[in-house]
Amino acid sequence: MHSPAISSPNPSLTGVVFDKKSYKNGFFSGRFETPISSPMDSKPSASTHRRNRIYVRNSVNQETEAQISQENEEIGNGGGSPPTSLLSFLCPLLKVFSGGDPSAERNYLLEDATSSLSTLARLPWGSRSLYDGLNKQQKSDPLLPLQLYEFEACPFCRRVREAITELDLSVEIFPCPKGSVRHRAVVRELGGREQFPFLVDSNTGTSMYESSDIVKYLFQQYGGKSSPSFGILESTLLTGWVPTILRAGRGMTLWENSTKEPPPCKLELFSYENNPYARIVREVLCELELPYILQSVGQGSTREELLYEISGSKEVSL
C-alpha cells in the first residue's frame, strides 16, 4: 500500500531570503536570514567513536509498513481511533522510564552509552554520504529547500533522515512532537491528516506521506535516479525501533515549558543522522519544537569544508 503524492497547495517557499552570495557548491551556506513564518499564515507554499560532526548556530541567513505506518506514524492524531499501534503504546510507557524533565541535569555517561548503542543498531545507514557513488546526473541540493515534518523518536522518520544523510542533502526540519503547538497543524492542513513523516518539495510541487515512498522519491529525484541503499527500507522494521527504546522516547513529546513562539531565525545543525551526539541535540530540538536547517555532513560530505570554515574543525565536540 502506498499513498499517492499530493500536490502542494503552494509550491513556493516563504520566509527565505535567497542571496546569491550565500549559494555555494550547490547549496546554501546559511549565511542569510531565514525568518520563520508559519506555512499556514502564508498559505504554503559509528558506535562510540567520537567523530562528532556537529555544529549548531543561529542562522542569519511499502504490505507490512503500510499497516504499521497508518498507526505508528500517527501519534496524537486526534482522529479518535484507539491507540493500538506499538509506538502509541510505547509513547506513554517510555515517558515513564525516560529521564523526566529534559531541562534537568543529565547523566551524560548514560546518555552517550544509550545513544552510541542506538548508532550501532542502525549501522551502516545514515553515517556517510554516498555523494561519490551517486549518478553524476544529480549531485547537488535542490534549488529550494526540502521541508520535512517529523519527530526524532519515530523509526520511520529516522529512515528518511538516514536517506537525507546518504544523499548529502540540506533540508528544513519542522519537529512535530506529541503535543505540538505549531507544526502538526500545518501537516493537517497540507496533507489532510497528522501522519509522519511528511515531505514537501517545492521544487516539484510534491507533498507526500509514507517513509518508504519518501526515501524512494529522494533517491530518484536527488540521487541520480538510483535505488535506495540496500537494507535501508527493510531494516527499519527490525532495528529501527532500537534507538526509540534505548533512548526512552526522547524526542517524542513536547516539553511543557517550551516557548510557544518560534525563534525569529531558524537554527542550523551540521550533523549526520547516525552520529550519537547529534542525536541528543536533535531530541532537544524536537522536544522544544524548534525548526532548524539540517546540513548533512556525513563522512565524505561536500559540506566538510564549509563546516571547517565555520567552526575551524571537522571534528566538533559537543
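The legends below describe close-up views of a predicted model. Local features are taken only where pLDDT is at least 70 and side-chain atom pairs only at pLDDT 80 or more, whereas totals for chains, interfaces and linings use all residues. Residues are numbered from 1 along each chain as its sequence is written, and side-chain values use heavy atoms, with hydrogens and water left out.

**View A. Helix 9, residues 276–287.** Helices (H or I, at least four residues) and strands (E, at least two) are DSSP runs numbered from the N terminus.

View B. At the start of the helix, a side-chain oxygen of N275 comes to within 2.8 Å of the backbone nitrogen of Y277, while E289, which follows the helix, has a positive phi near 50°. N274, in the loop between strand 9 (267–271) and helix 9, counts as buried because its relative accessibility is 1%.

**View C. The largest nonpolar core, with 28 residues.** Such a core is a set of buried Ala, Val, Leu, Ile, Met, Phe, Trp, Tyr and Cys residues joined through side-chain atoms within 4.5 Å. Elements giving two or more residues to this core include helix 4 (155–166), strand 9 and helix 9, and helix 6 gives the most, with six.

How values were computed
The expected span of a helix is 1.5 Å times one less than its number of residues. A polar contact is a pair of N or O atoms within 3.5 Å; within protein, one must be able to donate a hydrogen and the other to accept it, and residues adjacent in sequence count only if both atoms are side-chain atoms. Buried means under 20% relative accessible area, exposed over 50%, partly exposed in between (1.4 Å probe, protein chains only).
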